[in-house]
Amino acid sequence: MEPTSVSEEIPIMRMGSDLLVTLQGDLGDQTVEALERDVTREVARTLARGILIDVSGLDVVDSFVARVLARLVRIVRLLGADAAIVGIRPAVAITLVELGASMSDVTTALNAEQGMARLRRMRAGGVRA
Amino acid sequence: MAEYPVAVVEDLDSSYTQMMESITDYALIRLDGEGVVRSWHAGAEQLTGYTAEEIIGKPVGLFYTVEDAALGVAETDLHAAALSGRHETEGWRVAKDGAQVWASVVFTAMHAPAGGVRGYVMAARDLTQSRGKELNLRGVEQMVNSIADHEVIQIDRDGRVRSWNPGAQKLTGYAPEEVVGHHMSMFYTDDDARSSVLEREMMANAVRDGSAETEGWRLRKDGTRFWASIVLSPIRDDEGVVTGYVKVARDLTERREQERLVQQQRDEIMELSTPVIQVWDKVLILPIIGTLDSGRAARLTESLLERIAADQAEVVILDISGVPGIDSDVAQHLLETVEAARLMGTESILSGVRPDTAQSIVHLGIELGSLRSRTSLKDALRLALGLVRVRAEAGNGADVGV
């Protein structure tokens, strides 16, 4: 694991051919902009095959955050990488379902380890499970 | 006895008459030794309604109520005045139109130079209004004091107790002298330090809304707690300025205890009706039995997701063979549970779907998405184990397809 963080706010770690982005605290407008810029730059620079977005450290996950995440996943896919969101807590999952947040095409996993497995499987099968 | 010039006597007489006629708040009546009215003036007419012509020569008993007259109260009053020189009474008297007036009456005996009573001066005053106010106050006090199962007390603007009633004594165990003048924080529980803030908020709310309500633990004298329901209302003076508050409190400990018991039983039943079973490493089964309403579905989803997080389960089997019927509401609940589990990264398998259930799901137009379904629990479990194995192999394997 070699830290390749380019922003003070958003730590991005490289794990083999994948990246792990850890989101923490509050996701404000400024952070969203920095997030998209830093993630796309890192994916392009490292030629990462997959990216895990860990949201377990986020204070609030509402429909705004859900939209931001879904957008980030689409952006990453356009760059030729797969993306998975990990660490959605039970209460957050219930809230997102109640809000009707459209995250149906987003791949999820319980933790980073299972998320990595998920990304490998997607690459192996060539399909999005 | 000195002889006064006639003119001076006439002058005295007229100024005496003037003086008498200017007294309107009192009735000053001269009675003779037999209690017959001998003089009259404007104040007496105003109080009783009788004119001088109507009343002069009539007995004083006319002013008494029929009951008092029958008891000879008038005679008793005069007799008492004759004996002690002065007699004061207060009571209902009757005006000409039959209206009753609460009057304060003072009889003063006038003695003849030779001894013996020559007559009386009767000074009467109408106290009906102040009597009414006093009665009112006394009535309110009596009312408050007869309330034995509610605490009805007065507190000042700073929260100090100003009055105490038997209900308050029964509720808290404190006697009036132990609490009056003390701050009501003496009833707060030790771990309820915030109460003073709440109480201030409550006072502000009471002033704003006319009254404020709260429930909470309060302390008795013996240190035991009771669950109190409290209503606070501001007391305003005639100018509308808040001078204090009236606090009404009730003991709801028993009701709260019952509610807690009912809630506890409900929770236990809920837990029994939504058991989550771990059947294999990373595989959970949720057997759903009975009808699924939104309350139960929410709890079911919650307990399932908590369990998923705790066990890091990758696959969950929702067995609906025990659900009597699937309507669109039930299907919606199920799909929400599946979606919430998926957001956490866990895959769901529907199991126990009967032919008629399958038909109704499709006929209801419910979109199942990529949800996998099996008719028997055995098949569902086989599928679940397969999914877990695939996931594990992908996890262990080297980066495939590089």
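Tutor: Before we start, contact here means heavy atoms within 4.5 Å. This is a predicted model, so local features need pLDDT of at least 70 and side-chain atom pairs count only at pLDDT 80 or more, while totals for chains, interfaces and linings use all residues. Residues are numbered from 1 along each chain as its sequence is written, and side-chain values use heavy atoms, with hydrogens and water left out.

Student: How many residues does the contact take from chain A and from chain B?

Tutor: Take the area first: the two chains bury about 2100 Å² between them, 57% of it on carbon and sulfur atoms. Buried area is the accessible area (1.4 Å probe) that two parts lose on being put together, summed over both. As for residues, the contact takes 23 from chain A and 28 from chain B.

Student: Is Thr89(B) buried or exposed?

Tutor: Buried means under 20% relative accessible area, exposed over 50%, and partly exposed in between (1.4 Å probe, protein chains only). Thr89(B) has a relative accessibility of 13%, so Thr89(B) counts as buried.

Student: Which residues is Thr89(B) in contact with, leaving aside its neighbours within four places in sequence?

Tutor: For orientation, Thr89(B) lies in strand S2 of chain B, residues 86-94; strands (E, at least two residues) are DSSP runs, numbered from the N terminus. Beyond those sequence neighbours, the contacts of Thr89(B) are Asp77(B), Ala103(B), Ser104(B) and Val105(B).

Student: What is the relative accessible area of Val279(B)?

Tutor: Val279(B) sits in strand S10 of chain B, residues 277-280. Val279(B) counts as partly exposed because its relative accessible area is 31%.

Note on methods. Chains are lettered from A and ligands numbered from 1 in the order in which they are written. Helices (H or I, at least four residues) and strands (E, at least two) are DSSP runs, numbered from the N terminus.
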